[in-house]
Every structure is written in C-alpha cells, then in structure tokens.
Amino acid sequence: MSDLLRFASFSRLEGVRHGFAGADAFGAFDGRRDEDLRRLAEAIDPGARLVRTRQTHSARVRWVEAGAPAPSERDLAAGIDGLATAEQGLALTALGADCPMLFLADRARRAIGVVHCGWRGVAGGIVDVALALLEERAGCAPSALLAAVAPGARGCCYEVGSEVVEALERAAIPVAAIARPYVRSDGSLSRAVDLPMGIAARLVALGVDPRAIELAEACTICGGSRFHSHRRGGQAAGRMAGAIAIEGAPG
Ligand SMILES: [Zn+2]
C-alpha cells in the first residue's frame, strides 16, 4: 500500500480516501487489468464499489449515483473521461499513461471527482465541465475545492504540434505560460507544453484557490520505470490509475 502515491492535501481530508498507482504499484501495475484496478480500489477503501471511466479523450464527466441506471451504450461510446459523486463507498477510478489525472474534492460538501485530462479533453473543456458538475449536483463552489494533478507528461518532454497549441489556446489555457522550447534528438527546435500546469492555470481561472492545488513533480516520459508512458512505450504502454472514494458503505 505504501507504493501508492498520495497527495498530502487529500490525505489530510477526513473521510476521503485516494491513491495513484504508478507502474510499480503492488509490484507491477497495469490499470488495463481488471484485477489490478480492483486491487487499487480495495487498497484505498476496502469494500467500496469500483467505478470505471470509458476513456475516449472526450470532455464528458459522469455524475455517479449508486442507485442510478448504468450508462447507456451511447454514453459509453461517446466516452466518460471523468467521474464525480457525493455518495460514499464508490471508488471512482481513471486511467492514464502521460495524460495527467485530476483529483477533486470538496471538504465541506463531501463531493469528489477524478478526471482523465489528456490534451484533447483539456482542449474540450473537461476541467470546466468537472467543476460545473460538482457545483450543479453538490453545490461545491470552485473556491472550496481541493485539487491535485497526478504525474503526467510535463514541459521537459511533452513535444506538441501547432494543432495542440491552438486547441489549448481556444480552451483558454495560457499556452505562453506553460510552453517550453524543446530540442529534438536531431537538434531541431520544437515546442513542449506542461499540461499539469495548464490544468492548474485553468482551475485558478475558474476560481480554485492556488494554494489548494497540488501538482505531482514527476514527468512520466522521463521519469523512468516507475511510470507507464505512451510517448515512451507506444501502444504497448500499460496504464496507471487514480482512485478516490468517500469512506463508508455503498448506498
Ligand atoms: Zn520529462
């Protein structure tokens, strides 16, 4: 259990359990394997019901209620890249391999969320969507939220093309502030962006207190074998996973 990454701010939050499993969690972790995801859910909150995303790089976040009907085939096909709930006993999970994962929690109202935040989702406004959903369903003001971004591709390594830069700019991500010069292996110059910093900037623009945002330092591309990385490992790369739950028996 000690090999799960935990955020200090979330660990202090009474009644909320969370954890991030890198490639080395439980010895060797791959969130694509059902038993690994179950193990993560069990480790953060024994007895909690596992809830999965259906990630398509969409900007869709699903509000989860224990008694609500399961998502339709159409919903699943369109994608569920984030999950949020105010109910206890539901272990919300998301997967990633370079794409940062955003953890959200409201201390007072006891609502939580976890969101897969690749560039397409961020450019599609998924950070805005997640915050709006928490406010609409549970009355969580952005100023009352705690946020954390798990290890992902950072500005040291995450080379992107102009289509990514333009899409992020359209979504009001301050690209100038998160872009870095990037030197390719052949010596030519390109540009990289720091997506976790972009997510943090968007959170602040939406009203989240900068002091309530925690960013994991590590970059999954240059961070070595502790992390699965799509950029480094290609299609065969495993998936890391984040999980969060409100403690208690499922309703
Ligand atoms: Zn790096």
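Is C219 buried or exposed in this predicted model? C219 counts as buried, because its relative accessibility is 6%, below the 20% limit for that class.

**View 1. The zinc site is formed by four cysteines.** The SG atoms of C156, C157, C219 and C222 coordinate the zinc ion at 2.2 to 2.4 Å. Along the chain, these donors are spaced as C-C-x61-C-x2-C. The arrangement is tetrahedral because the angles between the four donor atoms around the zinc ion run from 103 to 115°. For comparison, the ideal angle for four tetrahedral donors is 109.5 degrees.

**View 2. Helix α5 spans residues 126–138**. Its 13 residues extend 18 Å from the first C-alpha to the last, close to the 18 Å expected at 1.5 Å a residue. The buried residues of α5 are I126, V127, A130, L131, L133, L134 and A138. Viewed down the axis of α5, these buried residues lie within an arc of 155°, so they line one face of the helix. In an α-helix, residues three or four places apart point the same way, because there are 3.6 residues a turn. Just after α5, G139 adopts a positive phi of about 70°.

**View 3. F7, F10 and F103 form an aromatic cluster**. The count of aromatic pairs in the model comes to four, with rings taken as paired if their centres lie within 6.5 Å.

Methods
Residues numbered from 1 in each chain as written. Predicted model: local features only at pLDDT ≥ 70, side-chain atom pairs only at ≥ 80, totals over all residues. Heavy atoms only, no water. Donors = N, O, S within 2.8 Å, 3.2 Å for Na, K, Ca; no water. Tetrahedral: all angles 85-135°; square planar, octahedral: opposite > 155°, others 65-115°. Buried < 20%, exposed > 50% of the residue type's maximum accessible area, 1.4 Å probe, protein only. Helix = DSSP H or I, 4+ residues; strand = E, 2+ residues; numbered from the N terminus. Expected span 1.5 Å × (residues − 1). Arc of directions from axis to C-beta. Phe/Tyr/Trp six-rings, centres within 6.5 Å; stacked < 30°, edge-to-face > 60°.
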